[in-house]
Structure formats: structure tokens, C-alpha cells
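Student: I have a model open and want to learn how to read it. Where do we begin?

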Amino acid sequence: MGRAATTSATASSGFRWGLMLGGAVAATALGAAGAGAGLAVQRRALRRLQLRPDPFAGEPFGSLRGRPVPVRAGDGTRLYAEVDGDDRTDLAVVFCHGWTLTQDSWHFQRKALRGLARLVFWDHRGHGRSDGGARDGYALSRLADDLAAVIDATVPAETPVVLVGHSMGGMTILRYVDAHPDLVGRKIVGTGLLCTSSGGLGDITLGAPALIARATHRVLPRALGALGAGSGAVERVRHLGRGAAVLIEDLIAFGPEGGPAAVAFAERMMTETRMDAFAGFLGSMVSTSLISDCAALAGAENLVIGAEHDLLTPVEHSLKIASCVPDARLEVVPSAGHMAMMERPSVVSDHLGDLIERARKTLPA
């Protein structure tokens, strides 16, 4: 392995980072398909992805529906929520999805956990079927207030709650319990935090050299914010780069064995997210150095799930949360990336089912 091999490896790493970063901006903001990679390279990469073994080919993603419940956030924004098993008042499980996703990202868990409790699913503002709200309202603190409104509208007053969150949804839960510590152990009897973070997202490199990653974190939110300010025009062109967006979704959000159908569905949810929400929440997450110290979780049954190949919220972030909550149960999903609940659905569903039963055992007889 001489100098040429080292240079080649460095170039390959730089190309991969350039594809991820350039494609992320282009596919989600400008719709410039295959930016920096070339259409031929893009077509070959898409072909390799499509030939990958797919355990979920033909899965009807997005087809599961519950009873719609109208929710009004504190600032008047209309939020969309659904309830499965609304005859259940013994225990409720409220699911909070991640950034650029929708409640349908919980597709497999919705199927597996039906019948165990009252299940509540909702779309964050600017995502899915929820309205967007004001552009200055895309912050984690606002999502915590939104979660409070969802609980009030969908869960009977005396019904205990388990909160389950993925990625930004987990951060929403952390902010919510920090704002309502008196409810933990009383109203909030359990939390499940999947592939999320308590802070320090500004240091995430996605495998890039640290200097490049830091510069990107400074520039990207501002660039997307400027695009979000004129999002009407951006929304009309961003759909043009769907092929590149699928590749970015696969490279960044999934592990090495992500199924093509799941990757395509995740990309669809991302592409349909409002640009101002995309940019605003990204800026909030990256610029918030401390999201929570996690101290308010004490008193509830807690489950922390990380994923072996998570680039967006690396497993070290799950370890940090678990270390701050000594009685939390920590699980790491092997061979999965950030979208673990869609890559290894039975593993995640089993862990969540166990959390629900542990939380149930803490309730008065």
C-alpha cells in the first residue's frame, strides 16, 4: 500500500462525503440530480440499491390508519394525530417521529403493538399532514409544546402514558419531560428513546474530516434557511432530484443492508417535508449544544436504543443518555442505521413491547 493507494482512499472518502453533502443539499433543496457524482454514477448506484435483497418488497408503507383527532398547538397551528385502540384507557403510548419523516415511519411498530395499549401517532409541524406554522416556530422547544397539546387532545386525563421517540422525536420527549418533570412517574410512566441525542449534534461528522464537517454545520443551516424563506419556488423543483435523494437517504440514514422499499419510502417522506421545516429544525438541532441533561427521566421506566451504523445520531449519543439515567435499559441494534425501526423492525418492536409491559407493571393494581 503506497502513496498512490493512500491518495486513492482519501479521494474515495472525499468523494463519498461530497456525494452525501452535495447530494443532500441538491436533492432536498435544488433538485439537481446526482450533483457532483454524474448521472451515470447515479444510475449505477441506484441499480445496485434496487438489486439489494429486500425483505419488505411489497410492504404497504403508509397504509395503516387510525381515528383522526384534530389538535391545535398553543400558537394555533393545526396538527394531525391518529389514535389506534381509542377504547383503551389503561395505558397510552404516544409515538413521536424523526426529522423529515411522518407518523408512518412507525409502520411496523404500529402493526406489531396494536392491542397492547392505546396508540397515538402524530405528525410534527411542517411534516406529513400537519400544518407548517410560523417559520420562526421550528424549534425543539416548540415541539415539546406541540407534544403537550397532542397528549391533551388524544389521551384521557387519568390514563398513564409511555412516550416513544425517534431522532428529533426523542429530542422532543427530552424537552417535554424537562418542561414537565412533575409528570414523570405519575402521568409519564415510561420513555423509549430510539437513535436520538441529548446534544452535541454540531459535532457529528458523518464520517467526513472534522474540519469539513464543522464548516458544513455552520454553512448548511443558513443556506437551507435562505432557501426556506423562498420555499414556494424550491418546493416546485426539489422533486426533480428524486434519484439522488434516494441515494442520500440510503447512504446517510440506513445501514449497509437497508431494504430498497424502506429506503424509497423514507425518501418519499423526506421529499414531502416542507422546506421551511426541513431547514428550521435542522438549524435548531445543530445549534442547540445541550438539548437535555436527561435528569428528569428518573422515576419512569426508560429504554434507550442505539444502532450500530447510525451516522446521524451515532451510538455514542445513546450511550451518553443511558449513562445519565442509571436505571435505563440500553439496547444497540446490530447491522442497522438511523432508521432502525424500518431496518430491524421486529427487534425494535420487541424492545418497545417489553418497555410497555415494564411500564404497565408500575401502575397501581
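Tutor: Begin with the inventory. The chain holds 13 helices and eight strands. Helices (H or I, at least four residues) and strands (E, at least two) are DSSP runs, numbered from the N terminus. This is a predicted model: local features need pLDDT of at least 70, side-chain atom pairs count only at pLDDT 80 or more, and totals for chains, interfaces and linings use all residues. Residues are numbered from 1 along each chain as its sequence is written, and side-chain values use heavy atoms, with hydrogens and water left out.

Student: What share of the 365 residues is buried?

Tutor: Buried means under 20% relative accessible area, exposed over 50%, partly exposed in between (1.4 Å probe, protein chains only). Here buried residues make up 56% of the 365.

Student: In what order do the strands of the open sheet lie?

Tutor: Two strands pair if DSSP finds at least two bridges between them. The open sheet has eight strands in the order S1-S2-S4-S3-S5-S6-S7-S8, and the pairing is mixed. Strand S1 (67-72) and S8 are at the edges with a single partner strand each, so one side of each has no neighbour in the sheet. From one strand to the next, the twist averages 20 degrees.

Student: Which strands does S7 pair with, and in what sense?

Tutor: S6 and S7 run parallel, joined by five bridges. Threonine 191 has asparagine 302 in S7 as its bridge partner. S7 and S8 also run parallel, again over five bridges. There, isoleucine 305 is bridged to glutamate 331 in S8. Six of the seven residues of S7 are buried, so S7 is largely enclosed by the rest of the structure.

Student: What unit do S7, H11 and S8 make?

Tutor: A crossover is right-handed if, with the strands pointing away from the viewer, the path from the first strand over the helix to the second runs clockwise. S7, H11 and S8 make a right-handed β-α-β unit.

Student: Which residues of helix H11 are buried?

Tutor: In H11 (residues 315-324) they are Val315, His317, Ser318, Ile321 and Ala322. They cover an arc of only 155 degrees around the axis, taken from the directions from the helix axis to the C-beta atoms, which puts them on the same side of H11. Glu316 and Ser323 are exposed on the other side. Contact means heavy atoms within 4.5 Å. The buried residues pack against helix H5 (168-179), strand S6 (188-194), strand S7 (301-307) and strand S8 (329-333).

Student: How do I describe two packed helices, such as H4 and H5?

Tutor: Two packed helices are described by the angle between their axes and the distance between the axes. Axes are lines fitted to C-alpha atoms, for helices over the stretch in contact, and angles run from 0 to 180 degrees between N-to-C directions. The axes of H4 (residues 140-154) and H5 come within 8 Å and cross at roughly 80 degrees. That makes H4 roughly perpendicular to H5 (65 to 115 degrees). The contact includes Leu143 and Leu147 of H4 and Met171 and Tyr176 of H5.

Student: Is tryptophan 122 buried or exposed?

Tutor: Tryptophan 122 is in strand S4. Its relative accessibility is 0%, so tryptophan 122 counts as buried. Not counting residues up to four places away in sequence, tryptophan 122 touches Val94, Phe95, Leu143 and Leu147, among others.

Note on methods: Parallel < 35°, antiparallel > 145°, perpendicular 65-115°, else oblique.
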